[in-house]
Amino acid sequence: MMKLITGGARSGKSRHAETLAAQAGERVLYIATSQVMDEEMAARVRHHQQSRPAHWRTLEAWRELDRVITPRNDPQEVVLLECITTLISNVLFAFVGDTAEETWDYAAIEAEIEREITALIHACERCPAPVILVTNEVGMGIVPENRLARHFRDIAGRVNQRLAQAAQEVWLVVSGIGVKIK
Amino acid sequence: MMKLITGGARSGKSRHAETLAAQAGERVLYIATSQVMDEEMAARVRHHQQSRPAHWRTLEAWRELDRVITPRNDPQEVVLLECITTLISNVLFAFVGDTAEETWDYAAIEAEIEREITALIHACERCPAPVILVTNEVGMGIVPENRLARHFRDIAGRVNQRLAQAAQEVWLVVSGIGVKIK
Amino acid sequence: MMKLITGGARSGKSRHAETLAAQAGERVLYIATSQVMDEEMAARVRHHQQSRPAHWRTLEAWRELDRVITPRNDPQEVVLLECITTLISNVLFAFVGDTAEETWDYAAIEAEIEREITALIHACERCPAPVILVTNEVGMGIVPENRLARHFRDIAGRVNQRLAQAAQEVWLVVSGIGVKIK
């Protein structure tokens, strides 16, 4: 059982996902995909952590997720992964290393990201526990001037489509209100 | 009775709010939170005014809103406040004055904005007339490069969540179509 | 019969529109409004073309659309036009030619675009075949810093409202899921 929660920045999608997780089981394995890079980021992470129950298990991971979402997972421990957009960003930056943006091969980057997403979907399908994935809507603004931003929103949009297709339930969160769209 | 209308720029949210206001009562107190700063802004304000009935009362206010939304308001005069995003922006710029953006304490700014929003929610709850608030969806694009923009969308998102939680009715407007989500 | 499909970038709106078109009739006249300007653009066009059935007729057009969407169209051949946002952009750039952006008269630009949209709506109303129009949500991000981008999202938003009002059916596509909102 896979659920996808999507929404804009600060739309309340994390809280909605946490509510669904708490409803699906008492115990939760929280998988944080974010890497803390600076103080602004650290503040965001702390802000979110404070809103989660202290007894949830937390794991930091964003690649080879089939090592943590497995057929041997405890069926009673709900998996909550947050978030897909950060995962994409991490895979992208790990793939390009410190090469210059002008030289990046976006087709190769997207293929690499697709491999991770394919592995993630397979892992979710084989996992006996409910899996809840949180992602972001990033495509409803004006076309970004920045080339990386344009490619990023294309990739993120296509990943969201794949995940929503694989999921049994999809929610769009707007101003904290969850709207079930699948 | 508090209703929140949200939507993107030029999504038709003003018109939807005006239709709901006209349905809720013949008389309307329109509270405009915008401060006209330049000609582009003035043109937008004129464009909107022309679409509103001439007999509506209009008031310009964006702080101490509990002075205009009160327990003594006429229950027959619907209050329509537009918009929350501009209110946030005005409170922010009044708070920081002419200090440099690098020195701004966003936690203090957000606390100030939260005080205004808390007062607004209490005022709406005590007001005997229906209150309709218009706000904006600003979080469904790519992460802005600009630090102020990033903080602004975080603050606006959290404010929208609070207002939606307090409201009895929430509408998302897309291409002029109102979708009731609460 | 006119249907409007809206959604963010890479939201799956094209695929949703194509599915609706395939359901409405076996034959489809695909009207592409895009002008291929560079390799990035060409790659996007190829990506889309590969997902469409080979036997669909394709036409490139973005102005005087009443010459291709007419009362004499084959009622059995569904018209699928993609996309309105590109049409707006093409009309805008054709209107301003190579003049400097600082000198553009946005009111005149919008009047020109409105003429094209009015003609398009009339053409759709007189056409005996179902017409499916694809457009973009561009107004749910932070206010763009760029003046052209601000005006563009205003114009695009108002055009979307007009089309949605004229349409019998309106769909918002999110992460590949079509949500019928009218």
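Which accessibility class does B:D74 fall into: buried, partly exposed or exposed? B:D74 has a relative accessibility of 28% and counts as partly exposed; the class runs between buried (under 20% relative accessible area) and exposed (over 50%), with a 1.4 Å probe and protein chains only.

The model is predicted, and local features need pLDDT of at least 70, side-chain atom pairs count only at pLDDT 80 or more, while totals for chains, interfaces and linings use all residues. Residues are numbered from 1 along each chain as its sequence is written, chains are lettered from A and ligands numbered from 1 in the order in which they are written, and side-chain values use heavy atoms, with hydrogens and water left out.

**Strand β5 of chain A**

- Strands (E, at least two residues) and helices (H or I, at least four residues) are DSSP runs numbered from the N terminus.
- Strand β5 of chain A, residues 131-134, is covered on both faces. A:V131 and A:L133 are buried on one side, and A:I132 and A:V134 are buried on the other.
- Two strands pair if DSSP finds at least two bridges between them. Strand β1 (residues 2-7) of chain A runs parallel to β5(A) and is joined to it by 4 bridges.
- Strand β4 (residues 77-82) of chain A also pairs with β5(A) in the parallel sense, over 4 bridges.
- A:I132 in β5(A) has A:K3 opposite it, and A:L80 stands opposite A:I132 as well.

**Salt bridges**

- Side chains of opposite charge can pair when their charged atoms come close.
- A salt bridge is a side-chain nitrogen of Lys or Arg within 4 Å of a carboxyl oxygen of Asp or Glu. Over all chains, the whole structure holds 27 salt bridges.
- In chain B, the side chains of B:R27 and B:D74 meet in a salt bridge, 2.8 Å from N to O. B:R27 lies in strand β2 (residues 27-32) and B:D74 in the loop between β3 (57-60) and β4 (77-82), so the pair ties together parts 47 residues apart in sequence.
- B:R27 is partly exposed, at 38% relative accessible area.
- In chain C, C:E110 and C:R158 form a salt bridge with their closest N and O atoms 2.8 Å apart. C:E110 is in helix α4 (residues 106-126) and C:R158 in helix α5 (residues 147-166), 48 residues apart.
- C:E110 is buried, at 13% relative accessibility.
- A salt bridge also links C:E169 and C:K180, with the closest N and O atoms 3.8 Å apart.
- In chain A, a network of salt bridges links A:K3, A:E169 and A:K180.
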